[in-house]
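User: Please take a close look at the aromatic rings in this model. Describe how they pair and where they sit.

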Amino acid sequence: MKILVCGKGGSGKSTLSVMLARAFEAMGKVVLLVDADESNFGIPHLIGVDAPCDLMESFGGKKGFKEKLNAKFPADGEGVFDKKQSISDLASECISETGSIRVVTVGKIHHFDEGCACPMGILSKKFLSSLVVGGNEVVIVDTEAGVEHFGRGVIAEGDLILGVVDPTAESFRLVEKMREMASVAQKPVYFVLNKTEPDIESYMTSTLDPELVVEKIPKDNRMFMASLRGEPIREAGPQVSALADRLGGVELSRI
């Protein structure tokens, strides 16, 4: 299964992605955690590994990637990820590991005036399209904030979209856009209410279809302080463990 974790900036996408990886690891799964957010450098730190070489850098950066992508007749007979590949096929220099979790970073904005992140969106789509996932494997993709990856068609390469909703009006407006685009892409979409508190949870719940809300995660100041100190996340916690179990039984044909 390929799960794309989406939402507005600051909603908790990266934290949830890492906690889900821990939950699936505890279930005995092999997990590929894909950092597809070109502006956020937090995933390796949150999971407790050194950052691997970006996939984009392995192609020689944006320039090398564009040349490879645009070549009509590549010297090696292949384009960019034209062949199907498994998690075990991935180049070791582009992988950081902890337990049964492997971390891949698509690409990052590293330099002033280097240009837009458009090539990274293309690379994300081609990379996810090339991945063949086994029955005991899970791919979790921490996407960029907002809906650009919807516009670029990256979500078409996933099996399930998991939207993270925090208690802000912007987050709820984004829910409607995600539902609309997921419907067009014919991809199932579910939502996690994050940073909930008793006095606002009922309002958050009342604004969404309850059948699409798969978990509610309470606000946790201990988690916030651990994140502020840069401490890695070692456990999923009860709500995310229950979420991982629930996602394993989701009927992917339903939206």
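Analyst: Phe59 is buried, its relative accessible area being 19%; buried means under 20% relative accessible area, exposed over 50% and partly exposed in between, with a 1.4 Å probe and protein chains only. The model is predicted, so local features need pLDDT of at least 70 and side-chain atom pairs count only at pLDDT 80 or more, while totals for chains, interfaces and linings use all residues. Residues are numbered from 1 along each chain as its sequence is written, and side-chain values use heavy atoms, with hydrogens and water left out.

The structure holds two aromatic pairs. Rings of Phe, Tyr and Trp (its six-membered ring) pair if their centres lie within 6.5 Å; planes under 30 degrees apart count as stacked, over 60 as edge-to-face and the rest as tilted. Phe59 and Phe81 are edge-to-face, at 5.5 Å centre to centre and 85° between the planes. Phe59 lies in the loop between helix H3 (55-58) and helix H4 (61-70), and Phe81 in the loop between H4 and strand E3 (96-98), so this pair ties together parts that are 22 residues apart in sequence. Helices (H or I, at least four residues) and strands (E, at least two) are DSSP runs, numbered from the N terminus.

Phe81 counts as partly exposed because its relative accessibility is 21%. Its ring also pairs with that of Phe127: the centres are 5.5 Å apart and the planes are at 55°, so the pair is tilted. This pair links distant parts of the chain, 46 residues apart, with Phe127 in helix H5 (residues 118-130). Phe127 is buried, at 1% relative accessibility. Phe59, Phe81 and Phe127 form one aromatic cluster.
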